[in-house]
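Here is a short briefing on one protein chain. Please keep the sequence and the 3D view at hand while reading.

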Amino acid sequence: MKLHTHEWGTGERTAVLIHGMMSDHRTWHRVAPALAERGYRVIGVDLRGHGRSPRGDYGPELFADDLVETLPAGADLALGHSLGGLALSLAAGRLRPRRAVYSDPAWSLGGTGQVVDPAVFLAFKGATRETVRTFNPRWDETDIDLELATLAAWDTGTVRALSGDHRTDRTPERPVVPSLVQIAGEGFLFTDEAAKELRTRGFEVRTVAGAGHTIHRDDFEGFMAGLDGWL
């Protein structure tokens, strides 16, 4: 499936950005211009079932196949958040970016000992401004506005394809390109033991202290600082 894309900048280097569940390319409204200022042509996608991309069947492999169909191979940087990190890891062997960054990737939702079924996110489809603000107290009004807009454009079928019997640990055995895993200090996906295991498997791992799962919106400065040496 060819995905809807949005571009920022005209630099000689290429960066691709892949959002998480319930979102779309608009989640990168601060990150993408910052990368463009650093000399990148930035391409943000809307995963199938999100934003302006088509609807259809859903599943991790399909999300990954769409990235291969849509994005240029050999990008200088590929960055995926949450579900986007999962999809990127499944596509990295074919896309072969020079560097990959996985921001709190949704590889194993039982990582902290809490078994989290993605079906819990169905309740957010009808979230109010107050609900979004309660769950994301560090977000500004722009991010709250964008969250409400992306929720309205999101197909909840994407969750059902990842929940229940479809849940499985998809943590990569090894990185196929130089890879950084960025962990949310206040997130729910990774324990200290999991971070150690990722290092054993060959990933560089950095934690952004105090940040929730959507690091780039919770602490933009911390998110960018955590990418030092990878941009």
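Predicted model: local features only at pLDDT ≥ 70, side-chain atom pairs only at ≥ 80, totals over all residues.

The protein chain has 9 helices and 7 strands. Its radius of gyration is 16 Å, close to the 17 Å that the globule rule gives for 231 residues, so the chain is as compact as a globular protein of that length.

**Overall fold**

- The C-alpha trace spans about 40 × 40 × 35 Å along its principal axes.
- Of the 231 residues, 55% count as buried.
- Take the contacts with a separation of 6 or more: residues 24 or more positions apart account for 74% of them.

**Nonpolar cores**

- In soluble globular proteins, nonpolar side chains tend to be buried together.
- The largest nonpolar core here holds 43 residues. Leu67, Leu71, Tyr102, Trp107 and Val181 touch the most other members.
- A second, separate core has 23 residues. Among them are Trp8, Ala32, Leu35 and Tyr40.

- The volume of the largest cavity is about 30 Å³.
- Val16, Pro72, Gly74, Ala75, Ala78, Leu95 and Pro97 form its lining.
- That lining divides into 6 nonpolar residues, 1 polar residue and no charged ones.

**Serine 23**

- Serine 23 sits in the loop between strand S2 (13-18) and helix H1 (31-37).
- Is serine 23 buried or exposed? Its relative accessible area is 6%, under the 20% cut-off, so serine 23 counts as buried.
- Beyond its neighbours within four places in sequence, serine 23 is in contact with His50, Gly51, Thr150 and Arg217.

**Leucine 90**

- Leucine 90 belongs to helix H3.
- Its relative accessibility is 31%, between the 20% and 50% cut-offs, so leucine 90 counts as partly exposed.
- Which residues does leucine 90 contact, leaving aside its neighbours within four places in sequence? They are Pro60, Glu61, Ala64 and Arg170.
- Leucine 90 and threonine 171 are 81 residues apart along the chain. Their C-alpha atoms are separated by 9.9 Å.

**Positive phi at non-glycine residues**

- Serine 82 is not a glycine, yet it has a positive phi of about 55°. Serine 82 lies in the loop between strand S4 (77-81) and H3. At 10% relative accessibility, serine 82 falls under the 20% cut-off and therefore counts as buried.
- Aspartate 104 also is not a glycine, and its phi is positive at about 40°. Aspartate 104 is found in the loop between S5 and helix H4 (129-135). Its relative accessibility is 1%, so aspartate 104 counts as buried under the 20% cut-off.

Terms used
Residues numbered from 1 in each chain as written. Heavy atoms only, no water. 1 Å grid on protein atoms, 1.4 Å probe; cavity = no way out; pocket = protein on both sides within 12 Å on 5 of 7 lines; lining within 4 Å. Points joined across faces, edges and corners; volume = space filled by probe spheres on them. Nonpolar A, V, L, I, M, F, W, Y, C, P; charged D, E, K, R; others polar. Helix = DSSP H or I, 4+ residues; strand = E, 2+ residues; numbered from the N terminus. Buried < 20%, exposed > 50% of the residue type's maximum accessible area, 1.4 Å probe, protein only. Contact = heavy atoms within 4.5 Å. Core = buried A, V, L, I, M, F, W, Y, C linked by side-chain atoms within 4.5 Å. Rg over C-alpha atoms; globule rule 2.2 N^0.38 Å.
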